[in-house]
Amino acid sequence: MDPFGILYTDLYQLTMGQVYFRMGLHEKEALFEAFYRRNPDYGAHQAGYTVFAGLDPLLSWMEEARFGEEEIAALRSLKSRSGKPLFAEDYLRYLKAMGGFSGLTLRALPEGRVAHPQVPLVSVEGPLLQAQLLETALLNRLNYETLIATKASRVREAAGEAVVLEFGLRRAPAKGGESATRASLIGGANRSSAVSLSHLLGLPASGTHAHSLVQAFMALGYSEEDAFRAFAEVFPDDTILLLDTVDTLHSGLPHAIRVFEELRRKGHRPVGVRIDSGDLAHLAIQVARELDKAGFPEVLIVLSGDLDELVIWQIKSQVLEEAPRYGVDPDRLLKRLVYGVGTRMVVSWGAPALGGVYKLVAVRENGTWAPAMKVSNSLEKVLNPGHKRVYRVYDERGLATADLLALAEEEVREDAPLTLRHPTDPTKRRTLRPGSFRLEPLLEEVYRGRRLFPPLPLEELRKRRDRDVALLDPGVRRLVNPHVYHVSLTERLFALKEELVRRLEG
């Protein structure tokens, strides 16, 4: 049995399913929405948005996931506390006949686009039992990849135009490393060290050598320079040498320069050096100065070792301040830096989980959608009910100014005044005049019994991210204390929400 098949779920999904089945509710049309409540908070810094990822793998999994003989046998083996079968045979027969998720329709935010709290990322419509069974697998994929794509987008924001390499496979959570690599590349990393995923995504893998190469040569009586020379002889057109095994400036760098000079005499062009420890900004300045003196002004300087968006930001600030003291042009140096980001990207250092949820928002009754509601003492946990549409609102500058939730049946127009209501505070609203804004529907149908499009090229997903991030207000993009992006309700949806709250509380 495939451990990542249709039983890759929580038990309570299946027990609820049996209740629906027993009560005759299992095929009643239901509508669930997946969204998250808060942007990642890393402690000393915060995200002002997320990058949606994980949709393509989810859709492919949905097409393949089935209740087969092995899955039914596994469920049949489960017992209640009294020793009786946990699941009835008629329920198991229904699951086997049902197969998978052929009855569901999914509308989703296109993968790679910017997302915001409380805004539906995916709406799932179909038989209540099938929609319920999808919850865990959906959240498992979307929460993690969105979290990592967001971290990568922040690293990209800090790095600017510099190349970013994802180095995190060794520190990623087991098979989650595949998802981390994919999400990192969607979110902003240029390349990855992961070989199989890079190949499957149409990219060459990136990498050089580790300290162990130099250590092995030295343990056998050779020198650091011998190790560098051996690497350069095997890879003369791809030589990047790691400088800090012994001493970055007094051993690694002079040895690398000698090997680079030998390569140049043979007609080859050395690619770069890597520094993995120490004061990376200061060392980069000194390395750049010596490489320039030796006639290698184009050789790249790869920095690695516990980097994240704030460390990169600090490195760049230090280079701008310190480089002129040593006669090094800071702007030229910044253009030759490459950042290798590993652990802190693939574990989303500081914010290890995204609080994505999957909630029932409507049930079809007598041909119409009856809104479903959850009330909580925590205002952010009070659901926005009903069958909805989602719009992105762009202001006169062409920048995204709000995401708007509206009831599916209401007409939202650009040629009429539009009032945006705060989701929980009745005193906060603003009205946009006609001609001062543009509306973009966000959710697209992506699955109707089967996925409706093949997996998209990575480049298309990256373009979506680049385009959406460029349309954010600079304050929302800040790495520290970002401006809060507005998520709003229409007047009709706000009124429905208040009415349902009063009804449930009263």
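Student: Which residue in β11 stands opposite Ser-304?
Tutor: Ser-304 stands opposite Gly-340 in β11. Please keep in mind that this is a predicted model, in which local features need pLDDT of at least 70, side-chain atom pairs count only at pLDDT 80 or more, and totals for chains, interfaces and linings use all residues. Residues are numbered from 1 along each chain as its sequence is written, and side-chain values use heavy atoms, with hydrogens and water left out.

Student: In what sense do β10 and β11 pair, and over how many bridges?
Tutor: Strand β10, residues 300-304, pairs with strand β11, residues 337-341, in the parallel sense over four bridges. Two strands are said to pair if DSSP finds at least two bridges between them, and the names come from DSSP runs, numbered from the N terminus, with helices being H or I of at least four residues and strands being E of at least two.

Student: What order do the six strands of the open sheet take?
Tutor: The order is β7-β6-β11-β10-β9-β8, and the pairing in this open sheet is parallel. The edge strands are β7 (191-192) and β8 (240-242), each of which pairs on one side only.

Student: Which strands does α11 lie across?
Tutor: Helix α11 lies across β8 and β9 (272-275), and it runs at about 165° to β9. Axes here are lines fitted to C-alpha atoms, for helices over the stretch in contact, and angles run from 0 to 180 degrees between N-to-C directions.

Student: OK, and how do α11 and α12 cross?
Tutor: The axes of α11 (residues 248-265) and α12 (residues 280-293) come within 11 Å and cross at roughly 35°. The crossing is right-handed, a term used when the near helix is turned clockwise from the far one by less than a right angle, with anticlockwise being left-handed.

Student: Which residues of α11 and α12 meet there?
Tutor: From α11 they are Thr-248, Leu-249, Leu-253, Ile-257 and Phe-260, which meet Leu-283, Gln-286, Val-287, Glu-290 and Leu-291 in α12. These residues divide into seven nonpolar, two polar and one charged, where Ala, Val, Leu, Ile, Met, Phe, Trp, Tyr, Cys and Pro count as nonpolar, Asp, Glu, Lys and Arg as charged, and the others, Gly among them, as polar.

Student: Is Thr-248 buried or exposed?
Tutor: Thr-248 is buried, with a relative accessible area of 9%; buried means under 20%, exposed over 50% and partly exposed in between, using a 1.4 Å probe and protein chains only. Not counting residues up to four places away in sequence, Thr-248 touches Leu-243, Leu-253, Ile-275, Leu-283 and Val-287, and contact means heavy atoms within 4.5 Å.

Student: Switching to α10: which of its residues are buried?
Tutor: In α10 (residues 224-234) they are Glu-224, Glu-225, Ala-227, Phe-228, Phe-231 and Ala-232. Seen down the axis of α10, these fall within an arc of 160°, so they line one face of the helix; the arc is that of the directions from the helix axis to the C-beta atoms. On the other side of α10, Glu-233 and Val-234 are exposed.

Student: What covers the buried residues of α10?
Tutor: The cover includes α9 (211-219), β8 and α11.

Student: How many bridges join β1 to β12?
Tutor: Seven bridges join β1 (residues 29-36) to β12 (residues 356-365), and the two strands run antiparallel. Ala-30 has Val-363 as its bridge partner in β12, and Val-363 in turn has Ala-370 as its bridge partner in β13.

Student: What do β12 and β13 form?
Tutor: They form a hairpin with two residues between them, and Asn-366 in the turn has a positive phi of about 55°. Most residues other than glycine have a negative phi. Asn-366 counts as exposed, at 76% relative accessibility.

Student: Where does Gln-118 lie?
Tutor: Gln-118 lies in the loop between β4 (114-115) and β5. Its phi is near 75°, a positive value in a residue other than glycine, and at 16% relative accessibility Gln-118 counts as buried.

Student: Last one: how many helices and strands does the chain come to?
Tutor: The chain comes to 18 helices and 20 strands, and 54% of its 506 residues count as buried.
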